[in-house]
Amino acid sequence: MDYLDRLAGFVAATRFDALPASTVAAAKLVLLDTLGAIVAGSAMPENGRLAQLAAARAPHGAATVLGHRGKSDAFWATLTNATAGVALEVDEGSRLGGGHPAIHVVPGALAVAEERRLDGRRLLEAIVAGYEVGSRIGGATTARANVHSHGTWGTISTAVAVAKLGGASAEKVRAALNLAASMSPANTWTPALDGVTIRNLYPGRSAFQGILAVELERCGFTGLGDAPSDVYGTILADRFEPELAVAGLEPLSRGDDGGGAHRIEQNYFKLHACCRFNHFALDAVMALRAAHRLTGDQVEKVEIVTIPFAVRMGDSAPSTSLAARFSIPWAVSASLVLGRTDPSAFDARALADDRIRALARRVEISTDSEMSPRRADAPTAHVRLVLRDGRRLERSTSVVRGDALSPVPREEITAKFVSLAGPIFGEPQARKIVDAVEDTDRLEDVGALTAMLVP
């Protein structure tokens, strides 16, 4: 079998009853975290209007537009929810590859499962399968320098999850995967760095197309025999290595005890509301701030050495909230001045804070070609704080907090969810949702969960 047969076989063989308890627990926590990102992002004005459009386009739909009272069909609900889920840059991701798999899996799987009135076990196994394949395809891809991971292989992630929900055979999973790969959007980093919100549509439109890929397979459309090698190997990536997509896959398929963990167990949760490439420096800065009880006024200059991509994230005067989330000088300065890196550190009020703007101009960034966001065995950032009293404080980061290799307690992730969903639903309701997600495998109808995710 080639790598696509092996991936498709894994998807077809994935069964909730055979998943390790650790995998199920991870899937529930990833689901919770992703729902928090979607609900919080749904409050953005443009996302509110998109939700109204979705409800108007399919007024008799059965899929919930999260954070809003309207419903739509699975296509429009998925597009809207996935778009909202990246607006605040709090969605989880995979250091091993695949960018942010959950936001390319959960919205489509949830909408289709709700539309078909499927149970929670079916939803969880689809999330695990879609996450695994999306992360593996992403890990096998060395994207071109200006290709953004959002959406790029997200069509595959969604298509795999939706095909799994439909009980597709391995043959049909492969067919849907190939169709989805040929529908991969070409998304660049430029809108993110410029802070324009069309970037947030990346996972939304790729998820829309992922659902469409499954429907096209049912309609009889045909795809290439190996579409990922075509699309990623010749257009969107410098290199595509199929063997990496299936490394260590068979033990997972057999459920072997020694087969390693599913990719959803090896994710990272974001503890800073900004691009992950900021997090390497932020972890060091926040640790120094806490250890030495610093305030922003004490800092004369910040010197940072980090990954090569950082040269594109050096705007010290971002003009929008989204641009600020992709600015290392802004993120670092806001953390020092405000003592926090939650969404409020990047909102309009923070953008008007002259203290942050002044310090951001005194952040110096250089790069080290040996530093990589995928490595866990070497530093990803080195930070030096030069204080006004002459002291120099230094700290390095390798793996950031929230990564599976540097985990935080489950309670910290649930607290993050409550902080994101509480302003929308109220804290008591947010805590009830935490409990409901924990009981996802006991749900006879996923609609019981989505009904809780509206004001």
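Colleague: Let's start with Glu89: is it buried or exposed?
Modeller: Keep in mind that this is a predicted model. Glu89 sits in the loop between helix H4 (74-85) and helix H5 (106-115). Buried means under 20% relative accessible area. Glu89 has a relative accessible area of 2%, so the answer is buried.

Colleague: And what is the phi of Glu89?
Modeller: Glu89 is not a glycine, yet its phi is positive. The value is about 60°.

Colleague: How far apart are the C-alpha atoms of Gly139 and Glu241?
Modeller: Along the chain, Gly139 and Glu241 are 102 residues apart.

Colleague: Now Arg361 and Val162: how far apart are they in space?
Modeller: Arg361 is in the loop between helix H18 (354-360) and strand S6 (363-367). Arg361 is exposed, because its relative accessible area is 60%. In sequence, Arg361 and Val162 are 199 residues apart. From C-alpha to C-alpha, the distance in space is 47 Å.

Colleague: Which residues is Ser206 in contact with, beyond its neighbours within four places in sequence?
Modeller: Ser206 is part of helix H10 (residues 201-219). At 0% relative accessibility, it counts as buried. Once the sequence neighbours are set aside, its contacts are His104, Gly151, Gly154, Thr155 and Pro185.

Colleague: How many disulfides does the structure hold?
Modeller: Take Cys274, which is in no disulfide. The nearest cysteine sulfur to its own is that of Cys275, 7.2 Å away. A disulfide needs sulfur atoms within 2.5 Å, so 7.2 Å is too far for a bond. For the structure, the number of disulfides is zero.

Colleague: Are Cys274 and Cys275 buried or exposed?
Modeller: Cys274 has 0% relative accessibility, so it counts as buried. For Cys275 the value is 5%, so that residue also counts as buried.

Colleague: On to the helices. At what angle do the axes of H19 and H20 cross?
Modeller: Two packed helices are described by the angle between their axes and the distance between the axes. Helix H19 covers residues 410-425 and helix H20 covers residues 427-438. Their axes come within 8 Å, and the crossing angle is roughly 130°.

Colleague: What is the handedness of that crossing of H19 and H20?
Modeller: H19 and H20 are oblique to each other. Their crossing is right-handed.

Colleague: Which residues make that contact, and how do they divide into nonpolar, polar and charged?
Modeller: From H19 come Arg410, Thr414, Phe417, Val418, Ala421, Gly422 and Phe425. From H20 come Glu427, Gln429, Ala430, Arg431, Ile433, Val434 and Glu438. Those residues divide into seven nonpolar, three polar and four charged.

Terms used
Residues are numbered from 1 along each chain as its sequence is written. This is a predicted model: local features need pLDDT of at least 70, side-chain atom pairs count only at pLDDT 80 or more; totals for chains, interfaces and linings use all residues. Side-chain values use heavy atoms; hydrogens and water are left out. Axes are lines fitted to C-alpha atoms, for helices over the stretch in contact, and angles run from 0 to 180 degrees between N-to-C directions. Helices (H or I, at least four residues) and strands (E, at least two) are DSSP runs, numbered from the N terminus. Angles under 35 degrees count as roughly parallel, over 145 as roughly antiparallel, 65 to 115 as roughly perpendicular and the rest as oblique. A crossing is left-handed if the near helix is turned anticlockwise from the far one by less than a right angle, and right-handed if clockwise. Contact means heavy atoms within 4.5 Å. Ala, Val, Leu, Ile, Met, Phe, Trp, Tyr, Cys and Pro count as nonpolar, Asp, Glu, Lys and Arg as charged, and the others, Gly among them, as polar. Buried means under 20% relative accessible area, exposed over 50%, partly exposed in between (1.4 Å probe, protein chains only).
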